[in-house]
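This report describes selected features of a predicted model. Please examine the sequence and the structure shown below before reading on.

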Amino acid sequence: MGRVSQAQARENRRRVVETASRLFREQGVDVSVADLMKAAGLTHGGFYKQFASKEALVDEATAHAFAERAGAYGGGAAPGPDARAELVGAYLSADHRDNPAVGCPVAGLATDMARSEEDSEARLTYARGVEAFARQLADGAGEGDGDGLTRLSAMVGALVLARATRGTPLSDDILDTVRTALTAPRA
């Protein structure tokens, strides 16, 4: 078997990162390299030609997941109240709850990042992604405004609880209650 072209190597790497991004959000970062490469349609041996380690892939897949979701949530720009309410509605939806592989990396990767080394690149990438999403959710009232962090924390907590109770009426109640609380006009 001959060597792959540089273009094919880049395509293979892209496929592995995208596949890892989905699998890690859905199943956690403990997915084996063999299972990951199989899901990407590539051989296990090809992994080490592309990545220095699994940790390097976790970092790259985490960054990819945040970039992908930032695009889905308006490209990172702070939305106005109507757009923010739409974002909250989409985030706290049954569709998002039921599809973690393509969902928010804040919720999907939280427990894995909590267990990772404090100075790991993936954890630092994750923290930057959390900060960026919180800024996007802020109302822009001022420097140091914790409003975005409050919204993000409520959204992520609700999504995690709704996923953990999926299949019960409580799951939908969690999504509905928090969505209503975050989108209700302020007095």
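## Buried residues of helix 8

In helix 8, the buried residues are A122, T125, Y126, G129, V130, F133, A134, Q136 and L137. Buried means under 20% relative accessible area, exposed means over 50%, and partly exposed lies in between, calculated with a 1.4 Å probe on protein chains only. Helices are DSSP runs of H or I with at least four residues, numbered from the N terminus. The buried residues of helix 8 pack against helix 4, helix 5 (81-91), helix 7 (105-115) and helix 9 (147-164), where contact means heavy atoms within 4.5 Å.

Helix 8 comprises 17 residues (residues 121-137), and its end C-alpha atoms are 24 Å apart.

## Basis of the values

The model is predicted: local features need pLDDT of at least 70, side-chain atom pairs count only at pLDDT 80 or more, and totals for chains, interfaces and linings use all residues. Residues are numbered from 1 along each chain as its sequence is written, and side-chain values use heavy atoms, with hydrogens and water left out.

How many salt bridges does a search of the whole structure find? The search finds 9, a salt bridge being a side-chain nitrogen of Lys or Arg within 4 Å of a carboxyl oxygen of Asp or Glu. Side chains of opposite charge can pair when their charged atoms come close.

E60 forms a salt bridge with R13, with the closest N and O atoms 2.6 Å apart. This pair links distant parts of the chain, as E60 lies in helix 4 (residues 54-72) and R13 in helix 1 (residues 6-27), 47 residues apart. E60 is partly exposed at 28% relative accessibility, and R13 is partly exposed at 27%.

A salt bridge also joins E68 and R25, whose closest N and O atoms are 2.8 Å apart. Here too the pair links distant parts of the chain, with E68 in helix 4 and R25 in helix 1, 43 residues apart. E68 is partly exposed at 34% relative accessibility, whereas R25 is buried, with a relative accessible area of 3%.

D176 and R179 form a salt bridge with their closest N and O atoms 2.3 Å apart. Both belong to helix 10 (residues 169-183) and, being 3 residues apart, are separated by about one helical turn. D176 is partly exposed at 34% relative accessible area, and R179 is partly exposed at 23%.

A network of salt bridges links R97, D98, R166 and D172.

Methods. Helix = DSSP H or I, 4+ residues; strand = E, 2+ residues; numbered from the N terminus. Expected span 1.5 Å × (residues − 1).
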